[in-house]
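Hello,

Here is the structure I promised. Please look it over, then read my notes below.

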Amino acid sequence: MKFNTALIFLFSGIILLLSEKNNFGSKPLYKTLSYLIIFIGTFTLAEHLGLSIVSIDNLIIPDELTAKNPGRMSPATAICSILIGVGFLAGLSTEKNTNNVGLYAIKFTAIISLIAIISYILLIPLSSKSSFYKSMAIHTSGLFLLISTLQLFNNPNSSFHQIVNEDYEGSKLTRKILPVIILFPILSSFILILAINQEVISTEFGLVAYAAVFIPLSIIYVSYIAVSLNKSEKERRKLAKELEESNKYYLKRFQQGVDQVSLIGTLDTNLNFTYVNDLFCEVLKYNKDEILNKNISILRSGHHNVEFYTDLWKKVESGEIWVDEIKNKAKDGSYHWTLTAIIPFKNEKGEIFEYMSLSQNITDRKTAEESKGEYLKKLEYKNKELEQFAYVASHDLQEPLRTVNNFTELLAKRRTDYFDELGLKSLQFIQDATSRMSELIKNLLDYNRLDKDNILTKIDCNQLVKDVKKDLSMNIKDAEATIIYNNLPILLGYETPLRLLFQNLINNAIKFRKKDTKPIIEINAKLNGDEWLFSIQDNGIGITTKYKDKIFVIFQRLHNKNEYEGSGIGLAHCRKIVDLHQGQIWVDSIDDEGSTFYFTIKIKEHD
């Protein structure tokens, strides 16, 4: 092997190693080596043609062994070097045409080296070879064939890569036939030439025997491959037919289903209807003859402005699918809302040739939404009226109550001698009643303001209960109550209402205690899906089952005011606070054994 030839293979080996690592990470070195391979091959070929000014044959290492053209590689080796270098460079390009040039260069390298190898196998003497191949050694042609084969195999765009890796019928056939086409003629020709050279058989007999054996064996092998492929093809066609029948059935069922729930229409490029289904005609009150070949504009209701339709068709004509709600006018003048998708279809040239309209009738839903909107407006207005009425009524009621209370006090102080015992007792009843009425009105105002002007904040429930204990410290001390709590959560909520919730429930647990029993109140919380579940358990008098729902209604009392004081609004407050936090409140209780109040607080997004 000439030194320059060995240098080309060294550079080629390095390039193959570089191409194996992370997308040609060393591109400058890769390109430099490729250009050097082309440079060596080009200058050597120029020397063969007598065009070179500078000799490259012995530039690095002098050849003192070869008599004629020492150090010079054969023309075939030079051309293969140029081709392999071009193939390496073109392989870096992402452009299809450049990549194809590289593939052809690699293919020609493979063909040239394969011819050289076959000529060696068939024992063609050096003297009988053309000058093109004369000094190209078997190992040189073998290495070129190996390099070109690796390059073709690694390039997914090459036909060789597809033949080896793809599962198409052509690839399968080639993989089965190619080894025989290559190996059998070479092997049989080698045996034939060897036998003729050794004078075992004559040339005429050898040629006849070669034809007599090669042709029948080739026919038998090809027939075997054909039968095998035919069997596979029959199975494939059978499966394809079954799949086609299955697809037809499902497509038909799908179309029947879509026809029953969707208004379907197709339009040409002038936006004239070319097809409408029965549901389309049923909803929009047209028969098919009246709507076909008519422009889609006949459905316009006047509800949408010009910009709406301009934006619609601008989007569709750009190739995108338009989806939105649209109000259409039927033939009889009635209006119908539809959720509509308009789909453009393109031909092979990328031009739109047809549009399809798929719609669902949402008139009932839109009517319900409009009615709901009007109802909500009315409800909002009525709520404001009620809030104003509650405020004005409760505020204005306080004045006459104060007047009644002041005059009864005045009568009790200054005109005591005008009243007997019954009269004085009556004055006391009037004063108590007006005081209770004033307290009820105040509680009503508080109840009305409970969900106003609240700000969502992060609340540590442990600290909240600790603060409530301080507020109720006198009651707790008088009743000798024990309040147990730990590991309560930190959550997002409305601090003042939530504090009032715990205060009411703890205060009730202390108030409704059994005689001669020290209250024990236990507060717990656990995560329950997307909410916190709280429980406040006591060992008090309990609640009869039939009153479990009644206790949360405003101004509902279960006990005489002489037994347990209060306005009957505390638990109503609790329910409103829990509603404000999107939760629920309820109680489990056994009469004379105690109660457990449960309530949930919805977990907010940043809890």
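Among the elements of the protein chain, strand 10 (residues 531–537) has the highest mean pLDDT, 94. Helix 6 (residues 159–165) has the lowest, 67. pLDDT is the predictor's confidence in each residue, from 0 to 100. The chain mean is 81, and 85% of residues reach 70 or more. Where pLDDT is low, the coordinates should not be read in detail.

This is a predicted model: local features need pLDDT of at least 70, side-chain atom pairs count only at 80 or more, and totals for chains, interfaces and linings use all residues. Residues are numbered from 1 along each chain as its sequence is written, and side-chain values use heavy atoms, with hydrogens and water left out.

Helices (H or I, at least four residues) and strands (E, at least two) are DSSP runs, numbered from the N terminus.

Now helix 11. Its buried residues (under 20% relative accessible area; exposed is over 50%, partly exposed in between; 1.4 Å probe, protein chains only) are Phe-308, Tyr-309, Leu-312, Trp-313 and Val-316. Seen down the helix axis, they fall within an arc of 115 degrees, so they line one face. The arc is taken from the directions from the axis to the C-beta atoms. These buried residues pack against strand 3 (322–329), strand 4 (335–346) and strand 5 (352–361). The face turned away carries exposed Val-306, Glu-307, Asp-311 and Lys-314. Just after the helix, Gly-319 takes a positive phi of about 100 degrees.

Last, Ser-52. It is found in the loop between helix 2 (27–48) and helix 3 (75–91). At 24% relative accessibility, Ser-52 counts as partly exposed.

Best wishes

Notes: Contact means heavy atoms within 4.5 Å.
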